[in-house]
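This report is meant for a reader who is meeting the structure here. Please look over the sequence and the model before reading on.

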Amino acid sequence: MANETRRLALVGTGMAISISNNAVLGSSFAHSSPLEVTLAVGVAGLLMLVIAFAFVEMSAMFPGSVGLRAFTRAAFGERWSSALTLLYIVMAVGMGAFEAHLCYAVFRAWLPSTLASLLVTVILALIVWINALGYEAPAKLQTVCTIAVVGMLWLLAVPGIAHAPIAPPPVSERTFGPGLLLAVPTALFLFVGIEWACYSATKRSTFLVELPRGVRWAVLAVASAYLPLSIAFPRVIEARRLATLELPHLALAGERTPIWYLAIAISVLALTTTFNVGLGGTARMLYALAREGMLPKALTRLSVPALVPRRAVFLIAAIVFAIVPVFERPAIFQSVPTLLSINLCVVYLLALVSWLKLRKLEHRRQKLNLGIPVWSVVLAMLVLAVVLTDAVVSRLSAGVAWVLAAEFVAIAAVTLRNPVSASLVEHQRLEESR
Amino acid sequence: MLEALEKFSRQANDNRDVRRVVGAWTVDLVLAESDGADRWVLEVRDGRIARVQSADTIDASSRQLEVTGTRAVLESLFSGTLNPVRAATRGDLEIFGDMSDQTRLDAVALILWGP
């Protein structure tokens, strides 16, 4: 694999592999059989490939920009694009904080709470420091940690796969099929974040060759990390209990065994890879929005000699540090997955709508055609719509509704300051009508 | 176009803040017209623009930062009337190169013409 392809694959893989993924995978066993869950991981990987390829194609149309900001602007115009970009940043920050809290929960299973919180603080602070050094150090950190975490996830699954099955899962008698349909939308969340590889592509050849390859490898790497676990989990942990565990990877390992310590190391590495990519990426997005005049000019300050938007890095880090303790409240902790699901589905859905709109542009600027079938994009949108509807109809608590409302008001306050501008699609319609 | 680039070079080379920020930057800044066939190269050596020239062939082995846009857009960019980040977001400008090189170029624009 070429260096650039490997680098991009590791960015996407590292962003996708997270501590919460273990609980996501575990929750699937409540309604689906082990075989259905394993198949669902494969199907979800294909769907994520479609979503990530759509991001790749659209990012290739706007090299040198923040992809999501540029292509949603082309599809929907200035205000919608600003709002979506801010939503994406909020979501990434929320995911970073949630992962940090889960890492704290992992440490707390091992150490006193003071030491656990100190360790998480040190890990986050180290990642912030490395990101403030420049662009090379975070890339090296990402390479080492992602390779290590994927390898360790394989190792974690081995004893479970070798373990004699505890009892037949309660859903095994049911007809095969409905469980697969239920598990696919959940499994899609295992792959979330792979599209962040697009924000690290900077060269002409990268957009055309290495980025699509890197995204493919990232999907394969994430699937290869979670397929063995989807087999191992139900062999060791009873399905109903598995679905309720916050940290099933710790339960899989058995307490204080060498594998249990491996599961702790996996948690640290997963936090590192997610926060490392998220911090650098969101800081660059904030910098770009500030350079456009949408956010305060103070965020355009670059550090010398690293030329990193250090203020943006510190702002993101400060928000994450401030949010993490809030997740200690059970009501808030339990509502985070719903909140993130809603945000994520909205962003992905609108990104895919952008793809549908931009591919119709007559003078389309598209440089890259990966041959994504329209039906596959529509299918991915359908799955996202199902997740979104489920989150809004079945799981929307008063707390989540209030947070969403606050998010909406804050984003609206920023975006409404911007002038209205027509999208590329509207420009074309105007030209055609003349 | 050459006139605008030479003026930009003088401004950048004479500015202490620019030289402090870019450090020992060495890159070939390749500017390519999207509405024509003309290309120009700004040879940046040790933080100074050593040479500005119209280029028929580009030395692919050197470290490059490539900026593509219409002639009008490129002229506006190097005369300070166009915000590069906004132009890239609108798709008027395409920038290819290492992130550190892209940031350095933006930092120069930021220092010379403000946010």
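## Where the chains meet

Three salt bridges are counted between chain B and chain A, a salt bridge being a side-chain nitrogen of Lys or Arg within 4 Å of a carboxyl oxygen of Asp or Glu. One of them links A:R291 to B:D106, with 2.7 Å between the closest N and O atoms. On the side of chain B that touches chain A, α5(B) gives the most, with nine residues; α5 spans residues 99-113 of chain B. Helices (H or I, at least four residues) and strands (E, at least two) are DSSP runs, numbered from the N terminus.

In terms of contact, which means heavy atoms within 4.5 Å, 29 residues of chain B meet 28 residues of chain A. The two chains bury about 2,500 Å² between them, 58% of it on carbon and sulfur atoms, where buried area is the accessible area (1.4 Å probe) that two parts lose on being put together, summed over both. Within chain B, the residues losing the most area to chain A are B:T89, B:F96 and B:M99, which together make up 24% of what that side buries.

## How the model is read

This is a predicted model, in which local features need pLDDT of at least 70 and side-chain atom pairs count only at pLDDT 80 or more, while totals for chains, interfaces and linings use all residues. Residues are numbered from 1 along each chain as its sequence is written, chains are lettered from A and ligands numbered from 1 in the order in which they are written, and side-chain values use heavy atoms, with hydrogens and water left out.

## Strands of chain B

Strand β4 of chain B, residues 64-69, has five of its six residues buried, that is, under 20% relative accessible area (1.4 Å probe, protein chains only). Strands count as paired if DSSP finds at least two bridges between them. β4(B) pairs in the parallel sense with strand β1 (residues 27-33) of chain B over six bridges, and B:L29 has B:L65 as its bridge partner in β4(B). With strand β5 (residues 94-96) of chain B, β4(B) runs antiparallel and is joined by three bridges, B:F96 in β5(B) being the bridge partner of B:E66.

## Nonpolar cores

A nonpolar core is a set of buried Ala, Val, Leu, Ile, Met, Phe, Trp, Tyr and Cys residues joined through side-chain atoms within 4.5 Å. The largest such core has 162 residues, and A:F55, A:F191 and A:I194 have the most contacts inside it. Helix α5 of chain A (residues 78-108) supplies the largest share of this core, 18 residues. A second, separate core has 29 residues, among them B:M1, B:V27, B:V52 and B:I95.

Conventions: Buried < 20%, exposed > 50% of the residue type's maximum accessible area, 1.4 Å probe, protein only.
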